[in-house]
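These are my notebook entries on one protein chain. I went through the structure entry by entry and wrote down what I looked up.

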Amino acid sequence: MRYFNFDNLIDKYTVDFTAINSGVGGYDDLGEWVAATPVKTDMRGAIIGISETKIYRSDGVLTEKDKELYMKEPLGPIDKAYILYDGNKYKVEANPQNNSQFTGVYQYTLKWVSAFKAGDRLG
């Protein structure tokens, strides 16, 4: 049961970004391990900065370069997942207090990793 409909709010602040997931490795027909190939997916969601009070209360875990991502559907497997947005690369972390069953919104913390330029190898 959803307590509040966040759809309009998310739609208002939605941006395009690229998600990079580690993919799934496996064994080939000869029994040799084949490493996973990163999978890039173009997605949409609301990416916003983290408030100063939340940064302050995080005891140094969050910085002003980190962001929060809000989506209407789950991002998918986030193990070794990254987000490319606005010239920056972020590591995806799950929100330990994910209330998606009540809000209909999936929330993730994006930890800033690095800035990049077009053509950089990312993945």
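**Entry 1. A glycine in a loop**

In which loop is the place of Gly76? I found Gly76 in the loop between β5 and β6. The model I am reading is a predicted one. I looked up the accessibility of Gly76 and noted a relative accessible area of 36%, which is partly exposed. I then checked Gly76 against Asn21: the two are 55 residues apart in sequence, and their C-alpha atoms are 8.6 Å apart in space.

**Entry 2. The chain as a whole**

I next recorded the elements. The protein chain holds 3 helices and 8 strands. Read from the N terminus, their order is α-β-β-β-β-α-β-β-β-α-β. The chain has 123 residues, and I noted that 30% of them count as buried.

**Entry 3. The barrel**

How many strands make up the closed barrel, and in what order do they run? I counted 6 strands, in the order β1-β4-β5-β8-β7-β6, with antiparallel pairing. Neighbouring strands of this sheet are turned against each other by 45° on average, direction ignored.

I then followed β6 to its partners. Strands β1 and β6 run antiparallel and are joined by 3 bridges. On this side I noted Thr18, which stands opposite Leu84 in β6. Strand β6 also pairs with β7 (residues 88-94), again in the antiparallel sense, over 4 bridges. Here I recorded two residue pairs: Ile83 stands opposite Tyr90 in β7, and Tyr85 has Asn88 of β7 as its bridge partner.

How many residues lie between β6 and β7 in their hairpin? I found 2 residues between these strands. Asp86, in the turn, has a positive phi of about 55°.

**Entry 4. A threonine in β8**

I looked up Thr109, which lies in strand β8. Is Thr109 buried or exposed? Its relative accessibility is 13%, and Thr109 therefore counts as buried. Leaving aside residues up to four places away in sequence, I listed the residues that Thr109 touches: Leu62, Lys67, Lys91, Val92 and Glu93.

**Entry 5. Salt bridges**

How many salt bridges does the count come to? I noted 3 salt bridges, and I took them one by one.

In the pair of Lys72 and Asp11, the side chains meet at 2.6 Å, N to O. Lys72 lies in the loop between β5 (67-71) and β6 (82-85), and Asp11 lies in helix α1 (residues 7-13), so the pair ties together parts that are 61 residues apart in sequence. I recorded Lys72 as partly exposed, at a relative accessible area of 35%. Asp11 is also partly exposed, at 44% relative accessibility.

For the salt bridge of Arg44 with Asp16, I noted that the closest N and O atoms are 2.5 Å apart. What parts does this pair tie together? Arg44 lies in strand β4 (residues 39-49) and Asp16 in strand β1 (residues 14-21), so the pair ties together parts that are 28 residues apart in sequence. Arg44 has a relative accessible area of 48% and is partly exposed. Asp16 counts as exposed, because its relative accessibility of 52% passes the cut-off of over 50%.

In the pair of Lys111 and Asp66, the side chains meet at 2.9 Å, N to O. Lys111 lies in strand β8 (residues 106-115), whereas Asp66 lies in the loop between α2 (52-57) and β5, so this pair ties together parts that are 45 residues apart in sequence. I then checked the cover on each partner. Lys111 has 17% relative accessibility and counts as buried, since buried means under 20%. Asp66 is buried as well, with a relative accessible area of 1%.

Key
Residues are numbered from 1 along each chain as its sequence is written. This is a predicted model: local features need pLDDT of at least 70, side-chain atom pairs count only at pLDDT 80 or more; totals for chains, interfaces and linings use all residues. Side-chain values use heavy atoms; hydrogens and water are left out. Buried means under 20% relative accessible area, exposed over 50%, partly exposed in between (1.4 Å probe, protein chains only). A salt bridge is a side-chain nitrogen of Lys or Arg within 4 Å of a carboxyl oxygen of Asp or Glu. Two strands pair if DSSP finds at least two bridges between them. Contact means heavy atoms within 4.5 Å. Axes are lines fitted to C-alpha atoms, for helices over the stretch in contact, and angles run from 0 to 180 degrees between N-to-C directions.
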